[in-house]
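Q: Could you take me through one part of this model in close detail? I'd like to hear about the strand pairing and the aromatic rings that go with it.

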Amino acid sequence: MNFNQVILVGRVTKTPELKTLQSGTVVVSFGLATNNIFVGKDGQKREEADFHNITAFGKTAETIAQYVIKGQELLISGRIRYRSWDKQDGSKGYATDIIVNTFQFGQKPKNASAPAQQEEEAPPPNEEDIPF
């Protein structure tokens, strides 16, 4: 049996940007910070942040790119992907990503501006204008 599942709730560290791969697949990558609060050996309450690389593809990527902003809270459900590559200097590079399966919007930051107003629709016709 195999199982690779991660659930994170945190805040977006950079506004996601949508890119298109050569294959035509759309992808969005961004950072997510999660906080861990604990009591240290000295009895003092401490807080540490972990930073995660998040990647989404397809319609999920489009939705995230359109509606998510820096500082917004997100719940991410996905899988862990480890990758490596050869750097130009001959050494190996390593990265760990979370590949999004599903997500839920959380609160936007308090200083976030309201979304742009869409054009108003024309008012409904006056009933007197409708011929019988």
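A: **Strand pairing and a ring cluster**

Strand β3 (residues 26-39) runs antiparallel to strand β4 (residues 45-57), and the two share 13 bridges. Strands count as paired if DSSP finds at least two bridges between them. Before going further: this is a predicted model, where local features need pLDDT of at least 70, side-chain atom pairs count only at pLDDT 80 or more, and totals for chains, interfaces and linings use all residues. Numbering starts from 1 along each chain as its sequence is written, and side-chain values use heavy atoms, with hydrogens and water left out.

Back to the hairpin. Across from N36 you'll find E48 in β4. Five residues sit between the strands of the β3 and β4 hairpin, and G43 there has a positive phi near 85°.

β4 has another partner as well: it pairs with strand β6 (residues 92-105) in the parallel sense, over three bridges. In that pairing, T55 is opposite I99 in β6.

Now the rings. There are two aromatic pairs in the structure. Y67 and F105 make an edge-to-face pair, because their ring centres are 6.3 Å apart and their planes stand at 85°. Rings of Phe, Tyr and Trp (its six-membered ring) pair if their centres lie within 6.5 Å; planes under 30 degrees apart are stacked, over 60 edge-to-face, and the rest tilted. Y67 belongs to helix α1 (residues 58-67) and F105 to strand β6, so this pair links distant parts of the chain, 38 residues apart. Y67 is partly exposed at 44% relative accessible area, and F105 is also partly exposed, at 45%. F103 and F105 form an edge-to-face pair too, with centres 5.1 Å apart and planes at 90°. F103 counts as buried, with 18% relative accessibility. Here buried means under 20% relative accessible area, exposed over 50%, and partly exposed in between (1.4 Å probe, protein chains only). Put together, ring pairs join Y67, F103 and F105 into a cluster.

As for the whole chain, 27% of its 132 residues are buried. Of the contacts (heavy atoms within 4.5 Å) between residues at least 6 apart in sequence, 58% join residues at least 24 apart.

Methods
Helices (H or I, at least four residues) and strands (E, at least two) are DSSP runs, numbered from the N terminus.
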